[in-house]
Amino acid sequence: MNKLKQLLSSRKFWAALLGLIVLVIKAYRPEFPLDAGELAGILAVLSTYILGTALEDGLSASFRN
């Protein structure tokens with residue numbers, strides 16, 4: 001239960017889930033008002049956010065020890 005609570009409070013998880021939802025919507029609804037460039041931009045921002053958050057978490061953990 002603790003791992004599920006950690007997962008649901010993770011900013012990285014929610015960002016990845018949002019990206020997945022956008023991709024699935026675009027795959028099943030091609031008329032969704034996002035072109036390929038906009039979709040790539042959204043996914044690039046989400047990827048950068050996930051990597052930045054992971055780096056922040058890793059560095060803060062290494063300074064605590």
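Helices are DSSP runs of H or I with at least four residues, numbered from the N terminus. Pro33 sits in the loop that joins two of them, α2 and α3. The model described here is predicted.

**The loop**

Is Pro33 buried or exposed? Its relative accessible area is 70%, so Pro33 is exposed, the cut-off for that being over 50%. Pro33 and Ser62 are 29 residues apart in sequence. In space, their C-alpha atoms are 43 Å apart.

**Two helices side by side**

Helix α2 covers residues 11-28, and helix α3 covers residues 36-64. Their axes come within 9 Å. They cross at roughly 165°. An angle over 145 degrees counts as roughly antiparallel, so α2 is roughly antiparallel to α3. The crossing of α2 past α3 is left-handed.

Which residues meet across this pair of helices? From α2 come Arg11, Lys12, Ala15, Ala16, Leu18, Gly19, Val22, Leu23 and Lys26. From α3 come Leu39, Leu43, Leu46, Tyr49, Ile50, Thr53, Ala54, Glu56 and Asp57. By class, the contact of α2 with α3 has 11 nonpolar, 2 polar and 5 charged residues.

**Two residues in the contact**

Take Leu23 in helix α2. Leaving aside neighbours within four places in sequence, Leu23 is in contact with Leu39 and Leu43. Leu23 and Leu39 are 16 residues apart in sequence. Their C-alpha atoms are 8.1 Å apart in space.

Now take Thr53 in helix α3. Not counting residues up to four places away in sequence, Thr53 touches Arg11 and Lys12. Thr53 has a relative accessible area of 4%, under the 20% cut-off, so Thr53 is buried. Leu23, at 37%, is partly exposed.

**An aromatic pair**

How many aromatic pairs are there? The count comes to 1. The partners are Phe13 and Trp14. Their ring centres are 5.1 Å apart, and the planes are at 70° to each other. Planes over 60 degrees apart count as edge-to-face, so this pair is edge-to-face. Both Phe13 and Trp14 are partly exposed.

**Accessibility at a glance**

| Residue | Relative accessible area | Class |
|---|---|---|
| Thr53 | 4% | buried |
| Phe13 | 25% | partly exposed |
| Leu23 | 37% | partly exposed |
| Trp14 | 43% | partly exposed |
| Pro33 | 70% | exposed |

Methods: Residues are numbered from 1 along each chain as its sequence is written. This is a predicted model: local features need pLDDT of at least 70, side-chain atom pairs count only at pLDDT 80 or more; totals for chains, interfaces and linings use all residues. Side-chain values use heavy atoms; hydrogens and water are left out. Rings of Phe, Tyr and Trp (its six-membered ring) pair if their centres lie within 6.5 Å; planes under 30 degrees apart count as stacked, over 60 as edge-to-face and the rest as tilted. Buried means under 20% relative accessible area, exposed over 50%, partly exposed in between (1.4 Å probe, protein chains only). Axes are lines fitted to C-alpha atoms, for helices over the stretch in contact, and angles run from 0 to 180 degrees between N-to-C directions. Angles under 35 degrees count as roughly parallel, over 145 as roughly antiparallel, 65 to 115 as roughly perpendicular and the rest as oblique. A crossing is left-handed if the near helix is turned anticlockwise from the far one by less than a right angle, and right-handed if clockwise. Contact means heavy atoms within 4.5 Å. Ala, Val, Leu, Ile, Met, Phe, Trp, Tyr, Cys and Pro count as nonpolar, Asp, Glu, Lys and Arg as charged, and the others, Gly among them, as polar.
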